[in-house]
Amino acid sequence: MLPRTGVSKQDIREHIWDYMESQNLADFPRPVHHRIPNFKGASHAAEQLLRLPAFKTARTIKVNPDAPQKNARFFVLENKKTLLVPTPRLRTGLFNKITPPPGATKDILRKCATSQGVRNYSVPIGLDSRVLVDLVVVGSVAVSEKGWRIGKGEGYADLEYAMMVSMGAISKETPVVTIVHDCQVVDIPEELLEEHDITVDYILTPTRVIPTGCERPKPMGVTWSKISREMMEKIPVLRSLRAREQQAGKDVTLQGEHRHPPEPGRQQTVPWSAGRRPQDTPGPEANSMEAACGSPLGEGAPLAADVYVGNLPRDARVSDLKRALRELGSVPLQLMWEGRRHRAFLRYQDAAAAQQAISCLQGLRLGTDTLRVALARQQRDK
């Protein structure tokens, strides 16, 4: 397909989707519209990955969770490399690290490479992790031989890449690979590319390996001016990253917001040193408290603000909440656990840190239950 005047990204997407449906080039799920197409021959195209020097030398590989990359995920596991899969729509975090059971057979590894396997055989990897990703595999709706890429239009692959840059997991030298059907390799006008769009270094199809030689710079982090309030509400880990970058003095003005200069010396979040993990303090639940870290509550405690967390599931453990807090980067100075009352209180350094934590924790779920989060004083007033 040749570029034409006035063509848009959506025009190209619709062209690819319509063509694949009309020529019966797709497997389940159908129709392919509004998806990364699961094309016929995807498994064979993924075999090209094994021939790439970048794959052979990589130790940790991030592969998107879409159906056409299932075989790519299997090959990563079969070759005893570390597999990271993004959480779908980033709802509960950034990555899942797939951890097959000891002595896993090929059949089990294939199950681990499915969406169900990701749920059953994974542990979350948050912003605090020191993971280094050696190779990135993304899905595409369309891609050009120059390395320009078009996704399905929701921006999650671009956002995942930008967040990996921000957390230091990848650099501009980290290769990016996409696996597509031959019909998805088309001409894309360069003027359609935006600052936040990923470009790719290799295109794998059932018949070809295409090194793009792309020299266009990849995104160097999250472009906050492209992030809407709606997206911030949907993605807790994005709120956490924004708080970190705001604390570091970066411009984190969102789409449609007016820029406000940061207040000097104002701390937005409570820092937690890398590698530190709070230890559970044993004690009877009758005391309704478990010190997570820092000094005990009581006389001499610094001026602080508490956040109420309610609607804890009946079978929830304090470790479940701690893990979620670490994932979101909202670790408190102290955690007061009242499991029998299905609630907890989180102590933060000041009111500003507590408010930031509330913003990050909105919509947090443990199991199937959405937690209630509010300032403790407001909750007691109720």
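Residues 262-302 have a pLDDT that stays under 50, and over this stretch the model has 67 contacts beyond four places in sequence. The structure is a predicted model. For the protein, the mean pLDDT is 82, and 84% of the residues reach 70 or more.

Helix 4 covers residues 70-78 and is largely enclosed by the rest of the structure, because seven of its nine residues are buried. These buried residues are Asn-71, Ala-72, Arg-73, Phe-74, Phe-75, Val-76 and Leu-77. Just after helix 4, Lys-80 adopts a positive phi of about 60 degrees.

Two aromatic pairs are found in a search of the whole structure. Phe-74 and Phe-75 form a tilted aromatic pair, with 5.7 Å from centre to centre and 50 degrees between the planes. Phe-74 counts as buried at 1% relative accessibility, and Phe-75 is buried with a relative accessible area of 7%.

Helix 7 spans residues 156-166 and is mostly covered, with 10 of its 11 residues buried. Among them are Tyr-156, Asp-158, Glu-160, Tyr-161 and Met-163. Just after helix 7, a positive phi of about 80 degrees occurs at Gly-168.

Thr-174 belongs to the loop between helix 7 and strand 8 (176-179). With a relative accessible area of 7%, Thr-174 is buried; the cut-off for this class is under 20%. A polar atom of the Thr-174 side chain lies 3.0 Å from the backbone nitrogen of Ser-171. When neighbours within four places in sequence are left aside, Thr-174 is in contact with Val-133, Asp-134, Leu-135, Val-136, Asp-201 and Lys-218.

In general, the strands of a sheet pair through backbone hydrogen bonds, either parallel or antiparallel.

Strand 12 pairs with strand 13 (residues 343-348) in the antiparallel sense over five bridges. One such partner relation links Glu-338 with Arg-343 in strand 13.

Asp-306 is placed in strand 11, which comprises residues 305-310. What polar contact does the side chain of Asp-306 make? The partner is the side chain of Arg-347, at 2.8 Å. At 14% relative accessibility, Asp-306 counts as buried.

**Relative accessibility of individual residues**

| Residue | Relative accessible area | Class |
|---|---|---|
| Phe-74 | 1% | buried |
| Phe-75 | 7% | buried |
| Thr-174 | 7% | buried |
| Asp-306 | 14% | buried |

Note on methods:
Residues are numbered from 1 along each chain as its sequence is written. Side-chain values use heavy atoms; hydrogens and water are left out. Buried means under 20% relative accessible area, exposed over 50%, partly exposed in between (1.4 Å probe, protein chains only). Helices (H or I, at least four residues) and strands (E, at least two) are DSSP runs, numbered from the N terminus. A polar contact is a pair of N or O atoms within 3.5 Å; within protein, one must be able to donate a hydrogen and the other to accept it, and residues adjacent in sequence count only if both atoms are side-chain atoms. Two strands pair if DSSP finds at least two bridges between them. Contact means heavy atoms within 4.5 Å. pLDDT is the predictor's confidence in each residue, from 0 to 100. Rings of Phe, Tyr and Trp (its six-membered ring) pair if their centres lie within 6.5 Å; planes under 30 degrees apart count as stacked, over 60 as edge-to-face and the rest as tilted.
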